[in-house]
Amino acid sequence: MDSIPSYPLPSGYSIKFYEENSDDEQKWAEIATAAGEFHTVQEGYDRFVNEFLKNENRHLYPERLHFLVSPEGKYIGTAWAWFGELDGEQQGSLYWVSIIPEFQGKKLAKPLVTTVLKKISEYSNKCFLDSQTTSWRAINMYADLGFKPYMNMSNSEQAWNALSRICHRSFQT
């Protein structure tokens with residue numbers, strides 16, 4: 001977390017924080033659903049309301065939940081600067097990174113993720129994230145940013161071997 005690179009957003013794009021008493025919950029649900037995290041926007045919205053709005057740390061959302069906004073003002077991506085426990089240690093967590101499909105591949109993810117990582121570095125010197133092998137493009141990007149494989153799960157070796165083949169790089173050291 002000491003040497004997070006900077007990637008500027010393309011011209012016109014911006015990053016905004018979550019605002020209470022707005023429709024940001026709906027915007028988050030729309031982005032996450034478009035990115036394949038939920039079957040319906042209502043399912044995503046319900047997840048936000050039932051899990052996130054009931055979280056005792058929701059007062060942190062206005063400085064931790066980031067939105068990526070297009071030049072036209074459309075909310076197109078999101079990521080959280082969060083925290084969690086890994087191996088008994090409290091750490092920062094890059095959480096719920098999503099960009100809607102029509103804006104993927106436009107060099108927007110690294111600027112969003114590194115902005116969030118810089119926020120995480122304000123309160124933690126370590127960071128982890130969860131993902132799945134179907135998100136191999138994102139995992140490849142996370143590796144470019146210095147994330148290392150976590151090998152303490154039952155299927156870790158098999159998953160990382162598969163990702164190494166797909167991404168044409170060795171993730172295991």
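One aromatic cluster is formed by Y18, W28, F38, F48, F52, Y61, W80, W82, F83, Y95 and W96, in a model that is predicted. Across the whole structure, a search finds 23 aromatic pairs. Among them is the pair of F48 and Y61, which is edge-to-face, with 6.2 Å from centre to centre and 70° between the planes. Because F48 belongs to helix α2 (residues 41-52) and Y61 to helix α3 (residues 61-64), this pair ties together parts that are 13 residues apart in sequence. Both F48 and Y61 are buried.

The rings of W160 and F171 have centres 5.2 Å apart and planes at 55°, so this pair is tilted. Since W160 lies in helix α6 while F171 lies in the segment after α6, the pair ties together parts 11 residues apart in sequence; W160 and F171 are both buried.

Within α5 (residues 136-144), the buried residues are I139, N140, M141, Y142 and A143, and what covers them includes β4 (89-99), α4 (109-120) and α6 (156-167). After α5 comes G146, with a positive phi near 105°.

Elsewhere, charged side chains lie over aromatic rings: K27 is over the face of Y75, at 3.9 Å from the ring centre, and R64 is over the face of Y123, at 3.7 Å from the ring centre.

How values were computed. Residues numbered from 1 in each chain as written. Predicted model: local features only at pLDDT ≥ 70, side-chain atom pairs only at ≥ 80, totals over all residues. Heavy atoms only, no water. Buried < 20%, exposed > 50% of the residue type's maximum accessible area, 1.4 Å probe, protein only. Helix = DSSP H or I, 4+ residues; strand = E, 2+ residues; numbered from the N terminus. Contact = heavy atoms within 4.5 Å. Phe/Tyr/Trp six-rings, centres within 6.5 Å; stacked < 30°, edge-to-face > 60°. Lys NZ or Arg CZ within 6 Å of the ring centre and 35° of its normal.
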